[in-house]
Amino acid sequence: MKQRGEFLFYVSVGAGMALATISFTMLSGLFEAASGGWVVLGMVLGGVMCGVIAASVGELAGMFPSAPGIRTYLKAAFGNRPSLFLVHLYLIFLVMIAGAESYLFSLVVEQVAPGLPHMAVILVLLGSVVLVNLYGLELPRNVQMVTAFVLLGILCVTGIAGILAGGPAAGGGPAPEGLGLSGSPGLLPLVATMAIFLYVGFEWVTPLGLRPNAYERPIPLAMLTAILANVVACGLFASGMATTMPREAITATFIPQVPYLGGLLGRAGVWLAVGVSCMACISTFNAGIMGSSRLIFALTRESLLPKWAGTINPETGAPRGAVLFMGALAAVSATLVVALDAPLLAALIGSAIIAFVYAAFMLAVLRLRRLKPAGRRPFRTPLPAGVQWAFAGVLPLLGVGTLFELEEQYPWQAVAGFLLALAAAALLTRWSEALSRPAAAPAARAVPEEAKSLT
Amino acid sequence: MTTTSVETELFRTLNDFRERFNTNPRVQKLIVGWERNILVDAMDTGEQHTLVVKDMQMSEVVPGLDESNETVHLQAEEALLIDMFAGRNKPAAMLMDGVLAVFSSDKDKVKLEALAMVIWGI
């Protein structure tokens, strides 16, 4: 792959992972929390925060090129247990998002095929993804790239169209608020933290370097470019919505892209919204959610998950056990999201989780500089250590703050869900540790008594 | 490109691995349509070899890095590479520990691990 094509591939992975159907739900949540102007400013600030985080991730990726980031970086910096805890927390986050994403997809499909049961659509979607992965089929790189860039292009163009339309697209009802800055500026940091959710996934490019020197500049730069592309695309789309739709209409639905594009383009717009959601779903599932089955497979190979999760397809080598495991968990998660009708709740809890994970990445950079000062670092974050400490300290606080951001809608559920995720991650960590112990035990027992007495 | 003309331990280990690779029937199933140059790059000693997988066989161990076909580039310390190709270390665990780098598609990484599983039963 030529170097320019390779760079675009890295950008498309980072940007494509972030662009999911649930991103539009988060946009709805942002408008629930603040007015249009603050939402867009928050999105820009969230992008800057992600840029800071990406610079740290770039340094870690250079130290451990091609490694499955979260497990390797955090294990090297903090040891096995904290790393395992955060890996399980991250997997819980992915399972939650897989459930929410498939539910939202079913809501979008309902717009053009009313009457189809949600669970049927969800099971068909998840079943297809599982089957494709079981057979080890992969979306060709070019298709993946085109999907991500077409999606970004559609968001930009329709966003600009909305801004230029400059008034309510659908007649009657309350007037759009536009990009005014009503409300307290104090909301901005929390809105920005929620907005980070829109860019989550930029770090998925780090294991995918195709050659050693990709970690010097192309991958760190690709992460920043992916974030910037998403800030521009989502920012324009949100501005278009703020200009043409009353805030109540944006917040009344989990899929605001449908009424927005419908208002802008009529029935064709609804179909476009379905197309956009399909592409978002494909890019997210293809690059990430089912890709996480490979993380499960690798954990199994470390004896940290049951052996059956590490079975492979004998003809392709595809991680059959891990794919089925992930698919089953996603189906359970989707059932819960449907029952609770709460994809936004999943996104809120996800924002808090990801704030903790990203803070851990930033701390890992600082700790590894102390533990391995001479380690190879083909890329170093240009930010002073003080700024990194500050970010790592503030991010978890902001993450917890987002749990209270939609207090009227979810007075206790977000906090409870987050605590439940922490408890589940702790239990899974203990389980993994217990699973990995038997392998070490026989060796310890094999030491003869006389040898023990010599020590 | 660093090459080697003497039979080093890594070179011998790779040739042993080639024997196992070519005589294992389960490997044959796994590599249908999979043709790669596997670049073995010892970072600490500079020793480099290429394992050529073509026509359902690992045809030869070539000194140096041959990037003429689609590649899977493995980078680690020489002792760790020897342990991995001798079946004493799992590639996935080494990758997780950050002591092995694999520059390839995600699918090829899984394929390597699958090969280790069927060849060594680990």
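Is A:Arg81 buried or exposed? A:Arg81 is exposed, with a relative accessible area of 53%, where exposed means over 50%, buried under 20% and partly exposed in between, with a 1.4 Å probe and protein chains only. This is a predicted model, in which local features need pLDDT of at least 70, side-chain atom pairs count only at pLDDT 80 or more, and totals for chains, interfaces and linings use all residues. Residues are numbered from 1 along each chain as its sequence is written, chains are lettered from A and ligands numbered from 1 in the order in which they are written, and side-chain values use heavy atoms, with hydrogens and water left out.

The side chain of A:Arg81 meets that of A:Glu433 in a salt bridge of 2.8 Å, N to O; the term requires a side-chain nitrogen of Lys or Arg within 4 Å of a carboxyl oxygen of Asp or Glu. A:Arg81 lies in helix H5 (residues 80-112) of chain A and A:Glu433 in helix H17 (residues 413-445) of chain A, so the pair ties together parts that are 352 residues apart in sequence. Helices here are DSSP runs (H or I, at least four residues) and strands likewise (E, at least two), numbered from the N terminus. A:Glu433 counts as buried, at 12% relative accessibility.

A second pair within chain A joins A:Arg369 and A:Glu59, at 2.7 Å from N to O. A:Glu59 is buried, with a relative accessible area of 1%.

Helices H3 and H15 of chain A, together with helix H8 (188-196), are among the elements that cover the buried residues of H16(A), contact being heavy atoms within 4.5 Å. Those buried residues include A:Gln388, A:Leu395 and A:Gly401.

Turning to the interface, 36 residues of chain A and 28 residues of chain B take part in the contact. About 2,500 Å² is buried between the two chains, 58% of it from carbon and sulfur atoms; buried area is the accessible area (1.4 Å probe) that two parts lose on being put together, summed over both. A:Ser66, A:Pro212 and A:Arg301 supply 24% of the area that chain A buries against chain B.

Across this interface there are 3 salt bridges. One of the structure's salt bridges joins A:Lys75 to B:Asp97, with the closest N and O atoms 2.6 Å apart. A:Lys75 and B:Asp97 are also linked with A:Arg71 and A:Glu302 in a network of salt bridges.
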